[in-house]
Amino acid sequence: MASYAGRGVHGHVVQHLGARIVGGSLAEGEILDIRAIGRELDVSLTAMREALKVLAGKGLIDARQKRGTFVRARSAWNLLDPDVIRWRTEGGDGEQLMRDLAEVRSIVEPAAAHRAALRRTEDDLAALEAALAAMARAGDDWSAAAEADASFHRALLAATGNEMIGRLDLLLEPGLRERDRLVHTHLTAADPVPSHRAVADAIRAGDAARAEAAMVRLLAEAAHDVDRVTPRLPAPAPADRELRTAGG
């Protein structure tokens, strides 16, 4: 699941409106005056409509006859979308996001490591080793480190031999990448290879209990990094009404 890669005017509108919706300055249920917003942002109606299609795909807005275009309830948002995750962090909701991610990982990944130790194939072990090698090469390049980390955890889930568990990467990976971005941006992170190597070695040995315990320790280290970075995250931004709503 990738973030929106639009550039220029179109991409600017997506980023601007998306951040305002997720940040709360455009509240749930508010009607958007598309023409007025277009004038304020100095963009054409065509660019506005294309941007609104992207935001609708993320579950942030909808349109109805006689009602117009409006901000959807938070319960309808795609909270796993990479852009929504980033906008939450930028809007001051990063701490809750990181704690939710840590809780989900604590439920899923130790059990996945246990299962992977019992079912892994040679291809699975090769994928884990490739991710570890990439992690070692990444060094201070946070983007490469995040990619290697995502590859490792994707390989771990796949090694369970359960296709449904394997697709939980769609649930975990966007948040994991944002977590890695925050940690590498704000901290000098500890070398991630030893903790990941301990998990991989236990899986290779077929030792399910050791693999599970190693993953619990890895997640404890990850939680410690989040605790260290939390004070440096943006505070919730005050709501504003720079962008006009219909009748506002």
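## Fold

The protein chain has 10 helices and three strands. Helices are DSSP runs of H or I with at least four residues, strands are runs of E with at least two, and numbering starts at the N terminus. Along the sequence, the pattern reads α-β-α-α-β-β-α-α-α-α-α-α-α. The C-alpha trace spans about 65 × 35 × 30 Å along its principal axes.

## Basis of the values

This is a predicted model: local features need pLDDT of at least 70, side-chain atom pairs count only at pLDDT 80 or more, and totals for chains, interfaces and linings use all residues. Residues are numbered from 1 along each chain as its sequence is written, and side-chain values use heavy atoms, leaving out hydrogens and water.

## Burial and contacts

The protein chain has 248 residues, and 44% of them count as buried (under 20% relative accessible area, with a 1.4 Å probe and protein chains only). A contact means heavy atoms within 4.5 Å. Take the contacts between residues at least 6 apart in sequence: 75% join residues at least 24 apart.

## Charges

The protein chain carries 33 positive charges (Lys and Arg) and 37 negative ones (Asp and Glu), with His and the chain ends not counted. Their mean positions are 5 Å apart, taking NZ of Lys, CZ of Arg, CG of Asp or CD of Glu as the place of a charge.

## Aspartate 225

Aspartate 225 sits in helix α10, which covers residues 208–229. Is this aspartate buried or exposed? Aspartate 225 counts as buried because its relative accessibility is 13%. Leaving aside residues up to four places away in sequence, aspartate 225 touches Arg179, Val183 and Leu187.

How values were computed:
Buried means under 20% relative accessible area, exposed over 50%, partly exposed in between (1.4 Å probe, protein chains only).
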